[in-house]
Amino acid sequence: MSRPHVATAAELSTLRDLEFVARTTVEGLRHGLHRSPFHGYSAEFSQYRHYRPGDDLRFVDWKRFAKTDRLYTRQFRETTNLAALLVVDVSRSMDYRDKFALARRVAAVLGTLVLDQGDAAGLLAVGESVRYVPPRSGHRHLTLFLRELAELVPSSTTPFTAGLARAGSLLTRRGLVIAVSDFYDEDALGALRRLARMGHDVVVVQTLAADELALPSLGPVEYVDAETGRTVAVQAEAAAQAYAGRVRSWLDRVEADARREGLDYVRLTTADDLERALRRYLLSRRGGH
Amino acid sequence: MGITFLQPAVWWAALAVALPIAIHLLTRATRTPVTFPSTRFLEATPLAAVSRRVVEDWPLLLLRVAMVLLAVAALAGPVLVTPAREAAWRARVARAVVLEDRTAAPEDELRSAAVSSTFARARLRDAVADAVRWAEQQQPSTREIVVLSTFRRGSTDAADFAVVPASIGVRLVRTGNGSAVRERRIGRLTWRDGRAVRVTERLLLSPRSTDVREESAQPLSEVPIRVTAATPDQQADADAALRAVLRRGLRLPPAGLLEPIAVEWPGTVEGLARALERRLAVSLDAWEPETLTDQELAAIARPPAPSERPTPVDAGDRRMVWALVLGLLVAELWMRQGVTWR
């Protein structure tokens, strides 16, 4: 069965060699590469703690008892698999030039990466209707994931925050939330902050068209806000400098806010080389562990 | 090689270049509606103020200005000044042909001129004055007045040509039968030996002299002229005055005095003489054989003054400029289409 086309085969395959490693511990059902937030009894030693009545005597460190004359129980860190939920913004502001295509490609690449490494990936897009693919693993699931992704249309008036709130209620276990949006919704970062405080590993992927960073020289233009319908008549050449400055400070503020909350932040524009940008991000993410 | 204009005053219309510039700067460009992800970072710009300061499409503006200037140039009558054309302009002649009578002017005089006109009036000097007025209005570099006449003495003289400007040449061509010898007979009534006599004289008219000889004298039984006074007292005076007039001689028409005539007594001898001359005498001007001499004509004639600045002649160069305007118009349309397509 062929995959629905949302990302080129080259884009999907070139990043498979990278492990998508969650920086924070996540809980999961399957054993995998990711460290569990729960200190269970699997193979990887984590720490000692004082023995408490009821502890399994198999994990008492008798050698240490002989040296210190105190009882210590060995604790192990359980490795589990990752449940990643990609929340994609389908509001109308995403429908600008190749911006939504970029968001879809990013989601496709990251979802494929997660699934290829044996973890679970799901998709959530909340517009007038809710499109939800629960996080599951397996290559058969990838087909469903990509097909749903391909059918998304950025025509919603529902704010992105609604999708993030829905993600919080859908994720029963701690996992990875990848939010792909332009983040014109000012409340979105607050919703992500709440998800992070629920224990989710949150990645902010801000996708923008290149024209959004610097106004193209179109002469006199009546810009119509895609979401509010507000119109602003501007002489593009005259307004370009002030616009670029405001956008730059806004982007810096979004990034600073995200990092302050301990969220990963990736900014991608349609002019960027997607593979290079994602590789840089994933390598930096793995290097953080 | 240069360029000149037949109507340089039209260049005032070049001020019309301000029109496309003003239109270009003042016309508000059509606002293009563009759906944009977010307008929160955009502030409205006063479009008109910007458009007055910013020239957006220099090539299009320059094209329109060039189009207006070329159109004005075409209206001003551009003429390319080449050495060949200059030589041709110097050879141009405007010729006014003055005729003594209304006979047709010689074809070669008319054909050899770039522009010509003929003038014929009852008096030669009037025709010359007309010709001068016409010649002064002509543009070509060489202007001349050609007078075709027998140049009878009295019909014209050097004073008639004093009104001709120095730049206009005068050429006098003797024509007609002025040199022919003509013979005329003329009657004269006179008073000899106490009675009226009809004298017949023979006039021999040659170009250089007039010979008058009496051929015969016929006494009359009575005077064929009766002068009637208002009162019987004045009749004697009237008859005496008639005798006095006849003693001086009274010229008769060529056919003679066939029937007796009657005139009223004017009161004086001179008045009676004038009344009878008016009644009987004929003009002999047409018989005048004497003509101006070649030396006299040569003194009047002069060649036309060569013009230092020959007047350019319309050679249809404006058509070429109009073609350029048309080409620019097509280019302008193409550019505007191109802007739309962008």
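The following conversation walks through a predicted model, asking how each description of it is reached.

Visitor: Why are α5(A) and α6(A) called roughly parallel to each other?
Guide: The axes of helix α5 (residues 160–170) and helix α6 (residues 188–197) of chain A cross at roughly 10 degrees, and since angles under 35 degrees count as roughly parallel, the two helices α5(A) and α6(A) are therefore described in that way. Their axes also come within 8 Å.

Visitor: Which residues of α5(A) and α6(A) meet, and how do they divide by class?
Guide: From α5(A) come A:Phe160, A:Thr161, A:Leu164, A:Ala165, A:Ala167 and A:Gly168, which meet A:Ala188, A:Ala191, A:Leu192, A:Arg194 and A:Leu195 of α6(A). The residues of this contact divide into eight nonpolar, two polar and one charged, where Gly is counted among the polar ones.

Visitor: What makes a group of residues in this model a nonpolar core?
Guide: The members have to be buried residues of the listed nonpolar kinds, joined through C-beta atoms within 7 Å. The largest such core has 59 residues, of which A:Leu86, A:Val87, A:Ile178 and A:Ala179 touch the most other members. Helix α3 (residues 99–116) of chain A supplies the largest share of this core, 11 residues. A second, separate core of 26 residues includes B:Ala94, B:Val97, B:Ala127 and B:Val146.

Visitor: Which residues is A:Val87 in contact with, leaving aside its neighbours within four places in sequence?
Guide: The contacts of A:Val87 are A:Leu124, A:Gly163, A:Leu164, A:Ala167, A:Val177, A:Ile178, A:Ala179 and A:Val180, and each of them counts as a contact because the C-beta atoms of the two residues lie within 7 Å.

Visitor: Why is β6(B) said to be largely enclosed by the rest of the structure?
Guide: A residue is buried if 20 or more other C-beta atoms lie within 10 Å of its own, and eight of the eight residues of β6(B) are buried, so the strand is largely enclosed by the rest of the structure. Both of its faces are covered, with B:Thr142, B:Glu144, B:Val146 and B:Leu148 buried on one side and B:Arg143, B:Ile145, B:Val147 and B:Ser149 buried on the other. For chain B as a whole, 22% of the 342 residues count as buried.

Visitor: How do you know that strand β4 and strand β6 of chain B pair?
Guide: Pairing asks for at least two bridges between two strands, and β4 (residues 93–99) and β6 (residues 142–149) of chain B have seven, in the parallel sense. In this pairing B:Ala96 stands opposite B:Ile145, while B:Leu99 has B:Leu148 as its bridge partner. β6(B) and β7(B) also pair in the parallel sense over seven bridges, and B:Glu144 has B:Gly169 in β7(B) as its bridge partner.

Visitor: What makes β5 and β7 of chain B edge strands?
Guide: They belong to an open sheet of four strands in the order β5-β4-β6-β7 (chain B), with parallel pairing. β5 (115–120) and β7 (168–174) each have a single partner strand, so one side of each is left without a neighbour in the sheet. Neighbouring strands of this sheet are turned by 20 degrees against each other on average, direction ignored. Helix α6 (residues 124–136) of chain B packs on the sheet and touches β4, β5, β6 and β7 of chain B.

Visitor: How many residues of chain A are in contact with chain B, and which element gives the most?
Guide: 27 residues of chain A are in contact with 19 residues of chain B, and α8(A) gives the most to that side of chain A, with eight residues. By class, this side of chain A has 17 nonpolar, three polar and seven charged residues.

Visitor: What joins β10(A) to strand β2 of chain B?
Guide: Five bridges join β10(A) to strand β2 (residues 32–36) of chain B, and the two run parallel; A:Glu222 stands opposite B:Pro33 in β2(B).

Technical notes:
Residues are numbered from 1 along each chain as its sequence is written. Chains are lettered from A and ligands numbered from 1 in the order in which they are written. This is a predicted model: local features need pLDDT of at least 70, side-chain atom pairs count only at pLDDT 80 or more; totals for chains, interfaces and linings use all residues. A residue is buried if 20 or more other C-beta atoms lie within 10 Å of its own, exposed if 12 or fewer, and partly exposed in between; C-beta atoms are placed from the backbone. Axes are lines fitted to C-alpha atoms, for helices over the stretch in contact, and angles run from 0 to 180 degrees between N-to-C directions. Angles under 35 degrees count as roughly parallel, over 145 as roughly antiparallel, 65 to 115 as roughly perpendicular and the rest as oblique.
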